[in-house]
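Subject: Structure for your review

Dear colleague,

Please find the structure below, followed by a summary of what was found in it. I would be grateful if you could read the two side by side.

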Amino acid sequence: MSVNTVKEYLKRWGMEGRVLEFDVSSATVELAAEALGCEPCRIAKTLSFDLAGQTLLIVAAGDAKIDNPRYKARFCGKAKMLSPDQVEERTGHRVGGVCPFAVREGVQVFLDESLRRFPTVYPACGSANSAIELTCSQLEELTEGAEWVDVCKGWRPEEA
């Protein structure tokens, strides 16, 4: 899949024209923040996991990290990230462009609470040089029923 696939997906909401494409890479949180001119924490990174053969995507703030005890309590299993080859095969997006939009059938998407502290966030759009600015409500709508979870650490003031 590609940025064009994501744009086609976003047409249902009239959002395809809001996809930003850069002349530079936005494949990491730091590069995306630089390309966008924003704080890294506002990048909505999409993390890919295997849970007993099921593919889970967790969209979290750029400064958040998976909290293994919280993940295990929520999903009843250990957090096992997909390899780069598995990511593309199972989600339809390459590492660096993984996003919660236009994913393969059966992939479950979850949105982490770490995102809610921002008026807008920037998830990728299927390529290593794209993003879109969305409110959390828009992100939830575009991910079609994604569930909110609290499975990350490192972003709360008391954890700093």
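In what follows, contact means heavy atoms within 4.5 Å. This is a predicted model, in which local features need pLDDT of at least 70 and side-chain atom pairs count only at pLDDT 80 or more, while totals for chains, interfaces and linings use all residues. Residues are numbered from 1 along each chain as its sequence is written, and side-chain values use heavy atoms, with hydrogens and water left out.

Thr-143

Thr-143 lies in the loop between α5 and β9; helices (H or I, at least four residues) and strands (E, at least two) are DSSP runs, numbered from the N terminus. Thr-143 is buried, with a relative accessible area of 8%; buried means under 20% relative accessible area, exposed over 50%, and partly exposed in between (1.4 Å probe, protein chains only). Not counting residues up to four places away in sequence, Thr-143 touches Tyr-9, Pro-100, Phe-101, Val-109 and Leu-111. The side chain of Thr-143 also reaches the backbone oxygen of Leu-139 at 2.9 Å, and a polar atom of that side chain lies 3.1 Å from the backbone oxygen of Glu-140.

The nonpolar cores

A nonpolar core is a set of buried Ala, Val, Leu, Ile, Met, Phe, Trp, Tyr and Cys residues joined through side-chain atoms within 4.5 Å. The largest has 48 residues, of which Leu-10, Ile-66, Tyr-71, Phe-75, Phe-101 and Leu-115 touch the most other members. Elements that each supply at least two residues of this core include α1 (3-10), β2 (43-51), α3 (68-75) and α5 (136-142). The most comes from β3, with six residues. Apart from this core lies another, of nine residues, among them Phe-22, Val-29, Ala-32 and Tyr-122.

Leaving aside neighbours within four places in sequence, the contacts of Phe-101 include Val-6, Tyr-9, Leu-10, His-93, Pro-123 and Thr-143.

Two positive phi values

Most residues other than glycine have a negative phi. Cys-76, in the loop between α3 and β5 (80-81), has a positive phi, near 55 degrees. Ala-102, in the loop between α4 (84-91) and β6, likewise has a positive phi, near 55 degrees. Are these two residues buried or exposed? Cys-76 is exposed, with a relative accessible area of 70%, whereas Ala-102 is buried, at 11%.

Yours sincerely

How values were computed: A polar contact is a pair of N or O atoms within 3.5 Å; within protein, one must be able to donate a hydrogen and the other to accept it, and residues adjacent in sequence count only if both atoms are side-chain atoms.
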